[in-house]
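Please keep the sequence and the coordinates at hand while reading.

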Amino acid sequence: MKRIFLFVLTNFAVMAVLMVTTRLLGVDRYLTANGLNMTALAGFSLVMGFGGATISLLMSKTMAKMSTGAQVITQPRNADEAWIVQTVQNFASKAGIGMPEVAIYDGAPNAFATGAFKNSALVAVSTGLLQSMTREEVEAVIGHEVAHVANGDMVTMTLIQGVMNTFVVFLSRVIGYAVDSFLRRGSDS
């Protein structure tokens, strides 16, 4: 909770810096005179920045499964799948989190963890990883991915993305509006 509060505070600080900077440079007077409400834009940027990042996080498991073609192991079909599920369960238990979904997907050596909540995440490993590494190495990779879940790294990355989205939405709208106003200056339409 502290992390979320600090990132929201950071987001408001970024918006305050942007508003002060536009005021010091005189950009706000120019844009306001041409019909752009800077306060409304700041609010819009906050909502879109964090809203988009939050929606992205909430959809992350579904999107990851769809984009990689990951197959969730609901019932292990062989000893390797049973070992992977057991390894994830051991790490999750040690980390004090709920059992994540476990999936395998075809691809180059890689693994990932995603999900909005610690107790309903997804840990996936590729067939390339399983074929190119020893069990001890795969176990280390799985431990690393479970640590991402336990540490709430997906939420942290979403919060950082929200701050960046807010900044980009605000700045792109200001630049776009300024360019549009400049180009229309000589036009009658």
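The expected span of a helix is taken as 1.5 Å times one less than its number of residues. In this predicted model, helix 1 covers residues 2-24, and its 23 residues should by that rule span 33 Å, a value with which the 32 Å between its end C-alpha atoms agrees. Beyond helix 1 comes Gly26, whose phi is positive, near 80 degrees.

Which residues of helix 1 are buried? They are Phe7, Asn11, Met15, Leu18 and Thr22. An α-helix has 3.6 residues a turn, so residues three or four places apart point the same way. The buried residues of helix 1 pack against helix 2 (27-33), helix 3 (38-58) and helix 8 (153-184).

The sheet is open and consists of 4 strands in the order 1-2-4-3, with mixed pairing. Strand 1 (71-72) and strand 3 (111-114) each have a single partner strand and stand at the edges, so one side of each is left without a neighbour in the sheet. Strand 2 and strand 4 run parallel and are joined by 5 bridges, and Ala103 has Ala124 in strand 4 as its bridge partner.

| Helix | Strands concerned | Direction |
|---|---|---|
| Helix 4 (residues 60-68) | lies across strand 1, strand 2, strand 3 and strand 4 | about 155 degrees to strand 3 |
| Helix 5 | touches strand 2 and strand 4 | about 140 degrees with strand 2 |

Helix 5 comprises residues 79-95 and includes Thr87. Is Thr87 buried or exposed? Its relative accessible area is 5%, and since buried means under 20%, Thr87 is buried. When residues up to four places away in sequence are not counted, Thr87 touches Glu139 and Ile142.

Turning to the aromatic side chains, the charged end of Lys94 sits over the ring of Phe91, at 6.0 Å from its centre. A search of the whole structure for aromatic pairs finds 1. The pair is formed by Tyr105 and Phe112, whose ring centres are 5.6 Å apart and whose planes stand at 45 degrees, so that the pair is tilted. Both Tyr105 and Phe112 are buried.

Technical notes
Residues are numbered from 1 along each chain as its sequence is written. This is a predicted model: local features need pLDDT of at least 70, side-chain atom pairs count only at pLDDT 80 or more; totals for chains, interfaces and linings use all residues. Side-chain values use heavy atoms; hydrogens and water are left out. Helices (H or I, at least four residues) and strands (E, at least two) are DSSP runs, numbered from the N terminus. Buried means under 20% relative accessible area, exposed over 50%, partly exposed in between (1.4 Å probe, protein chains only). Contact means heavy atoms within 4.5 Å. Rings of Phe, Tyr and Trp (its six-membered ring) pair if their centres lie within 6.5 Å; planes under 30 degrees apart count as stacked, over 60 as edge-to-face and the rest as tilted. A charge sits over a ring if NZ of Lys or CZ of Arg is within 6 Å of the ring centre and within 35 degrees of the ring normal. Two strands pair if DSSP finds at least two bridges between them. Axes are lines fitted to C-alpha atoms, for helices over the stretch in contact, and angles run from 0 to 180 degrees between N-to-C directions.
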